[in-house]
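Open the model in your viewer and keep the selection tool ready. This tour goes from the core to the pockets.

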Amino acid sequence: EADENQLLQNPEMHPVRQRTIELALDFYRHFIDDRSPHPTLQADLAAAYERVGEFSLKLGNQGESSESYQQALRIRERLVEDNPEDLQLLLQLAEGYRDASTREPRDDQAYELMQKAIALLEPLTSPAHRARLADTYLMLGERKTEHFAAARNAELGDQALTALEKSVATWQQLIEDHPDIPDHREQLADAYRGLCSWHATM
(Lines give C-alpha, C1' and ligand atoms only; values in the text may rest on other atoms or scores of the structure.)
Protein backbone atom coordinates (compact mmCIF):
# COMPACT_ATOMS: atom_id res chain seq x y z
CA GLU A 1 0.00 0.00 0.00
CA ALA A 2 2.82 2.43 0.86
CA ASP A 3 4.57 1.69 -2.45
CA GLU A 4 1.30 2.17 -4.33
CA ASN A 5 0.70 5.53 -2.66
CA GLN A 6 4.22 6.66 -3.54
CA LEU A 7 3.60 5.72 -7.16
CA LEU A 8 0.36 7.65 -7.23
CA GLN A 9 1.95 10.72 -5.64
CA ASN A 10 4.60 10.81 -8.37
CA PRO A 11 2.92 12.14 -11.53
CA GLU A 12 5.56 10.54 -13.75
CA MET A 13 4.56 7.10 -12.43
CA HIS A 14 0.82 7.43 -13.01
CA PRO A 15 0.87 6.09 -16.59
CA VAL A 16 3.22 3.28 -15.56
CA ARG A 17 0.94 2.06 -12.78
CA GLN A 18 -2.17 2.40 -14.92
CA ARG A 19 -0.53 0.54 -17.80
CA THR A 20 0.56 -2.27 -15.46
CA ILE A 21 -3.03 -2.81 -14.30
CA GLU A 22 -4.33 -2.60 -17.87
CA LEU A 23 -1.82 -5.21 -19.01
CA ALA A 24 -2.92 -7.54 -16.23
CA LEU A 25 -6.54 -7.06 -17.26
CA ASP A 26 -5.70 -7.70 -20.91
CA PHE A 27 -3.94 -10.90 -19.89
CA TYR A 28 -7.07 -12.22 -18.19
CA ARG A 29 -9.29 -11.07 -21.07
CA HIS A 30 -7.26 -13.07 -23.56
CA PHE A 31 -7.40 -16.29 -21.55
CA ILE A 32 -10.89 -16.16 -20.04
CA ASP A 33 -14.17 -15.44 -21.78
CA ASP A 34 -17.33 -14.41 -19.97
CA ARG A 35 -18.63 -17.96 -19.68
CA SER A 36 -15.43 -19.65 -18.50
CA PRO A 37 -16.11 -22.86 -16.52
CA HIS A 38 -13.17 -22.13 -14.19
CA PRO A 39 -14.44 -20.12 -11.19
CA THR A 40 -10.95 -19.48 -9.79
CA LEU A 41 -9.83 -17.76 -13.00
CA GLN A 42 -13.04 -15.75 -13.22
CA ALA A 43 -12.56 -14.62 -9.62
CA ASP A 44 -9.08 -13.43 -10.59
CA LEU A 45 -10.59 -11.54 -13.52
CA ALA A 46 -13.07 -9.85 -11.17
CA ALA A 47 -10.17 -8.90 -8.89
CA ALA A 48 -8.32 -7.42 -11.87
CA TYR A 49 -11.36 -5.30 -12.76
CA GLU A 50 -11.51 -4.12 -9.15
CA ARG A 51 -7.88 -3.08 -9.33
CA VAL A 52 -8.50 -1.16 -12.55
CA GLY A 53 -11.48 0.50 -10.85
CA GLU A 54 -9.42 1.41 -7.79
CA PHE A 55 -6.54 2.98 -9.66
CA SER A 56 -8.71 4.62 -12.32
CA LEU A 57 -10.58 6.35 -9.50
CA LYS A 58 -7.34 7.47 -7.84
CA LEU A 59 -6.10 8.79 -11.18
CA GLY A 60 -9.33 10.71 -11.78
CA ASN A 61 -11.01 8.54 -14.43
CA GLN A 62 -14.44 8.20 -12.85
CA GLY A 63 -16.09 6.65 -15.91
CA GLU A 64 -13.60 3.83 -16.33
CA SER A 65 -13.54 3.24 -12.60
CA SER A 66 -17.31 2.88 -12.38
CA GLU A 67 -17.53 0.54 -15.36
CA SER A 68 -14.66 -1.61 -14.06
CA TYR A 69 -16.25 -2.01 -10.64
CA GLN A 70 -19.61 -2.83 -12.24
CA GLN A 71 -17.98 -5.44 -14.44
CA ALA A 72 -16.33 -7.02 -11.39
CA LEU A 73 -19.71 -7.24 -9.66
CA ARG A 74 -21.32 -8.79 -12.72
CA ILE A 75 -18.63 -11.49 -12.79
CA ARG A 76 -18.98 -12.16 -9.06
CA GLU A 77 -22.77 -12.36 -9.35
CA ARG A 78 -22.46 -14.88 -12.16
CA LEU A 79 -19.93 -16.90 -10.16
CA VAL A 80 -22.31 -17.17 -7.20
CA GLU A 81 -25.21 -18.02 -9.51
CA ASP A 82 -23.16 -20.84 -11.06
CA ASN A 83 -21.57 -21.98 -7.77
CA PRO A 84 -24.14 -21.24 -5.01
CA GLU A 85 -22.42 -23.53 -2.48
CA ASP A 86 -19.01 -21.87 -2.76
CA LEU A 87 -18.69 -19.83 0.44
CA GLN A 88 -15.60 -17.93 -0.66
CA LEU A 89 -17.29 -16.69 -3.82
CA LEU A 90 -20.37 -15.68 -1.84
CA LEU A 91 -18.27 -13.68 0.63
CA GLN A 92 -16.37 -11.98 -2.18
CA LEU A 93 -19.67 -10.90 -3.70
CA ALA A 94 -20.94 -9.62 -0.34
CA GLU A 95 -17.74 -7.56 0.03
CA GLY A 96 -18.19 -6.29 -3.51
CA TYR A 97 -21.69 -5.06 -2.66
CA ARG A 98 -20.46 -3.45 0.56
CA ASP A 99 -17.58 -1.68 -1.18
CA ALA A 100 -19.81 -0.54 -4.04
CA SER A 101 -22.27 0.99 -1.57
CA THR A 102 -19.54 3.22 -0.13
CA ARG A 103 -18.75 4.59 -3.61
CA GLU A 104 -22.40 5.04 -4.62
CA PRO A 105 -23.51 8.69 -4.30
CA ARG A 106 -27.21 7.87 -4.75
CA ASP A 107 -28.74 6.82 -1.45
CA ASP A 108 -31.36 4.47 -2.89
CA GLN A 109 -28.75 2.61 -4.93
CA ALA A 110 -26.45 2.37 -1.92
CA TYR A 111 -29.27 0.93 0.20
CA GLU A 112 -29.97 -1.69 -2.45
CA LEU A 113 -26.33 -2.75 -2.52
CA MET A 114 -26.14 -3.03 1.27
CA GLN A 115 -29.36 -5.03 1.36
CA LYS A 116 -27.88 -7.44 -1.19
CA ALA A 117 -24.83 -7.90 1.04
CA ILE A 118 -27.09 -8.48 4.04
CA ALA A 119 -29.11 -11.09 2.16
CA LEU A 120 -25.92 -13.03 1.42
CA LEU A 121 -24.56 -12.77 4.96
CA GLU A 122 -27.72 -13.45 6.99
CA PRO A 123 -27.77 -17.25 6.51
CA LEU A 124 -24.14 -17.62 7.63
CA THR A 125 -23.41 -18.62 11.22
CA SER A 126 -19.67 -18.33 11.90
CA PRO A 127 -18.57 -15.50 14.25
CA ALA A 128 -16.63 -13.74 11.49
CA HIS A 129 -19.59 -13.79 9.13
CA ARG A 130 -22.05 -12.65 11.82
CA ALA A 131 -19.66 -9.82 12.65
CA ARG A 132 -19.63 -8.76 9.00
CA LEU A 133 -23.43 -8.85 9.00
CA ALA A 134 -23.61 -6.68 12.11
CA ASP A 135 -21.21 -4.18 10.54
CA THR A 136 -23.28 -4.05 7.36
CA TYR A 137 -26.43 -3.35 9.37
CA LEU A 138 -24.52 -0.50 11.01
CA MET A 139 -23.40 0.86 7.62
CA LEU A 140 -27.00 0.80 6.42
CA GLY A 141 -28.36 2.38 9.59
CA GLU A 142 -25.81 5.17 9.64
CA ARG A 143 -26.35 6.11 6.01
CA LYS A 144 -30.12 6.07 6.42
CA THR A 145 -29.74 8.21 9.54
CA GLU A 146 -27.80 10.80 7.54
CA HIS A 147 -30.41 10.69 4.80
CA PHE A 148 -33.23 11.01 7.35
CA ALA A 149 -31.55 14.02 8.97
CA ALA A 150 -31.65 15.80 5.62
CA ALA A 151 -35.00 14.58 4.29
CA ARG A 152 -36.99 14.26 7.55
CA ASN A 153 -38.84 11.26 6.13
CA ALA A 154 -40.47 9.28 8.95
CA GLU A 155 -40.35 5.96 7.11
CA LEU A 156 -36.66 6.43 6.41
CA GLY A 157 -36.06 7.21 10.08
CA ASP A 158 -37.83 3.99 11.09
CA GLN A 159 -35.74 2.00 8.62
CA ALA A 160 -32.56 3.52 10.00
CA LEU A 161 -33.56 2.61 13.54
CA THR A 162 -34.41 -0.96 12.54
CA ALA A 163 -31.00 -1.46 10.89
CA LEU A 164 -29.16 -0.01 13.89
CA GLU A 165 -31.13 -2.17 16.33
CA LYS A 166 -30.31 -5.25 14.26
CA SER A 167 -26.63 -4.34 14.41
CA VAL A 168 -26.77 -3.98 18.20
CA ALA A 169 -28.71 -7.24 18.61
CA THR A 170 -26.26 -9.15 16.41
CA TRP A 171 -23.25 -7.85 18.30
CA GLN A 172 -24.92 -8.64 21.63
CA GLN A 173 -25.58 -12.21 20.53
CA LEU A 174 -22.01 -12.57 19.33
CA ILE A 175 -20.68 -11.39 22.69
CA GLU A 176 -22.96 -13.81 24.50
CA ASP A 177 -21.92 -16.72 22.28
CA HIS A 178 -18.23 -15.80 22.04
CA PRO A 179 -17.22 -13.76 25.10
CA ASP A 180 -13.53 -14.44 24.40
CA ILE A 181 -13.42 -12.13 21.35
CA PRO A 182 -12.73 -8.61 22.72
CA ASP A 183 -13.18 -6.82 19.39
CA HIS A 184 -16.89 -7.58 19.51
CA ARG A 185 -17.36 -5.29 22.51
CA GLU A 186 -15.66 -2.43 20.68
CA GLN A 187 -17.89 -3.00 17.68
CA LEU A 188 -20.97 -3.08 19.89
CA ALA A 189 -19.93 0.31 21.24
CA ASP A 190 -19.81 1.61 17.66
CA ALA A 191 -23.35 0.31 17.09
CA TYR A 192 -24.55 2.07 20.23
CA ARG A 193 -22.93 5.27 18.98
CA GLY A 194 -24.91 4.83 15.79
CA LEU A 195 -28.08 4.59 17.85
CA CYS A 196 -27.14 7.72 19.77
CA SER A 197 -26.64 9.59 16.48
CA TRP A 198 -30.08 8.44 15.36
CA HIS A 199 -31.70 9.71 18.56
CA ALA A 200 -29.87 13.02 18.14
CA THR A 201 -31.61 13.56 14.78
CA MET A 202 -35.10 13.12 16.24
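Contact here means heavy atoms within 4.5 Å. Keep in mind that this is a predicted model.

Stop 1: Select Leu 140. Leu 140 touches Tyr 111, Met 114, Gln 115, Ile 118 and Ala 163, leaving aside residues up to four places away in sequence.

**Stop 2: the largest core.** Now widen the view. The largest nonpolar core has 31 residues. Select Leu 73, Ile 75, Leu 93, Tyr 97, Met 114, Leu 120 and Leu 140, the residues with the most contacts inside this core. Next, colour helix 3 (39–58), helix 4 (62–82), helix 5 (87–103), helix 6 (107–121), helix 7 (127–151) and helix 8 (154–177); each supplies at least two residues of the core. The largest share, eight residues, comes from helix 6.

**Stop 3: the second core.** Select Ala 134, Leu 138, Trp 171 and Leu 174. They are among the 14 residues of a second, separate core.

**Stop 4: the largest pocket.** Select Ser 66, Gln 70, Ala 100, Glu 104 and Leu 113. Of the 19 lining residues, these lie nearest the pocket's centre. The largest pocket holds about 440 Å³ of space. Helix 4, helix 5 and helix 6 each give two or more residues to its lining. Helix 4 gives the largest share, eight residues. The lining has seven nonpolar, five polar and seven charged residues.

**Stop 5: the second largest pocket.** Its volume is about 160 Å³. Select Ala 47, Glu 50, Arg 51, Glu 54, Tyr 69, Ala 72, Leu 73, Gly 96, Asp 99 and Arg 103 to show the lining. Which helix gives the most to this lining? Helix 3 does, with four residues. By class, the lining has four nonpolar, one polar and five charged residues.

Technical notes:
Residues numbered from 1 in each chain as written. Predicted model: local features only at pLDDT ≥ 70, side-chain atom pairs only at ≥ 80, totals over all residues. Heavy atoms only, no water. Core = buried A, V, L, I, M, F, W, Y, C linked by side-chain atoms within 4.5 Å. Buried < 20%, exposed > 50% of the residue type's maximum accessible area, 1.4 Å probe, protein only. 1 Å grid on protein atoms, 1.4 Å probe; cavity = no way out; pocket = protein on both sides within 12 Å on 5 of 7 lines; lining within 4 Å. Points joined across faces, edges and corners; volume = space filled by probe spheres on them. Nonpolar A, V, L, I, M, F, W, Y, C, P; charged D, E, K, R; others polar.
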